[in-house]
Amino acid sequence: MKIEPARPEDVPAIGQLYEELNARMAALQPDNFRPARQSEVFILDMLGGKDSDILAARTPEGQVIGFALVQCKDTPPHPSFIPRRYTYLMDVVVAETCRGKGVGKSLLGAVEQWARERGSEFVELGVLTENLSAIQVYESFGFVERRKVMELDLTEKGT
């Protein structure tokens with residue numbers, strides 16, 4: 001397996017992996033997500049972005065079997081925030097047929113290297129609480145929970 005920046009010709013394969021991701025998110029949280037295609041314009045923008053990249057995991061034959069979408073960011077300019085440069089790991093997707101074979105951990109290693117090369121102090125990601133297999137992979141890589149996002153569903157309150 002080889003991990004390298006994705007190329008424009010990888011957009012259809014990345015789009016297919018996004019369909020898998022979106023279907024999984026819809027299955028885990030049907031009140032918040034639905035199966036959908038990702039915009040090719042969005043994928044191309046992330047490929048060519050000044051502070052973003054898509055790292056593609058490839059088979060020896062060149063087939064894209066996973067990817068990680070990363071963005072370099074700065075903490076908000078609020079007085080209470082300590083100014084820090086960080087990498088936001090927006091999406092990590094491994095083809096369902098390739099899960100459990102180290103592709104995800106290899107992508108996380110590439111994300112860490114990408115982030116270090118850009119002077120990031122940490123890598124941040126969000127994960128659905130129901131996605132226990134992903135949480136397990138992230139924790140085994142060294143990620144720890146730092147914040148919790150909570151939601152009050154007003155549709156159930158009858159207001």
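User: So axes are lines fitted to C-alpha atoms, for helices over the stretch in contact, and angles between N-to-C directions run from 0 to 180 degrees; at what angle do α1 and α2 cross, then?

Analyst: Before the numbers, please keep in mind that this is a predicted model, in which local features need pLDDT of at least 70 and side-chain atom pairs count only at pLDDT 80 or more, while totals for chains, interfaces and linings use all residues. Residues are numbered from 1 along each chain as its sequence is written, and side-chain values use heavy atoms, with hydrogens and water left out. Helix α1 (residues 11–28) and helix α2 (residues 40–47) cross at roughly 115 degrees, and their axes come within 10 Å; helices (H or I, at least four residues) and strands (E, at least two) are DSSP runs, numbered from the N terminus.

User: And which hand does the crossing of α1 and α2 have?

Analyst: The crossing of α1 and α2 is right-handed, a term used if the near helix is turned clockwise from the far one by less than a right angle, with anticlockwise giving left-handed. The contact (heavy atoms within 4.5 Å) joins V11, I14, G15 and Y18 of α1 to E40, F42, I43, L44 and L47 of α2.

User: Which residues of α1 are buried?

Analyst: In α1 the buried ones are V11, I14, G15, L17, Y18, L21, N22, M25 and A26, where buried means under 20% relative accessible area, exposed over 50%, and partly exposed in between (1.4 Å probe, protein chains only). These buried residues pack against α2, β2, β3 and β4.

User: Switching to α3, where does its buried side sit, and what does it pack against?

Analyst: Helix α3 covers residues 103–117, and its buried residues are V103, G104, L107, L108, A110, V111, W114 and A115. Seen down the axis, these fall within an arc of 160 degrees (taken from the directions from the helix axis to the C-beta atoms), so they line one face of α3. An α-helix has 3.6 residues a turn, so residues three or four places apart point the same way. The buried residues of α3 pack against β1 (2–5), β2 (52–58), β3 (64–74), β4 (85–94), β5 (123–125) and α4 (132–141).

User: What's on the face of α3 turned away from that buried side?

Analyst: That face carries the exposed residues R116 and E117. G109 also lies in α3, and with a relative accessibility of 28% it counts as partly exposed.

User: How do α3 and α4 pack, in terms of angle and distance between axes?

Analyst: They pack at an angle of about 50 degrees, and their axes are 11 Å apart. The two helices are therefore oblique to each other, since angles under 35 degrees count as roughly parallel, over 145 as roughly antiparallel, 65 to 115 as roughly perpendicular and the rest as oblique. Their crossing is right-handed, and K105, L108, G109 and E112 in α3 meet V137, Y138, S140 and F141 in α4.

User: Now the strands: is L69 buried or exposed?

Analyst: L69, which lies in strand β3, has 0% relative accessibility and so counts as buried. Leaving aside residues up to four places away in sequence, L69 touches Y18, F42, M46, D53, I54, Y88, L89, M90 and D91.

User: And what about Q71, which residues does it touch?

Analyst: Q71 is placed in strand β3, and at 14% relative accessibility Q71 counts as buried. Its contacts, not counting residues up to four places away in sequence, are M46, D51, S52, Y86, T87, Y88, M90 and W114.

Methods
The expected span of a helix is 1.5 Å times one less than its number of residues.
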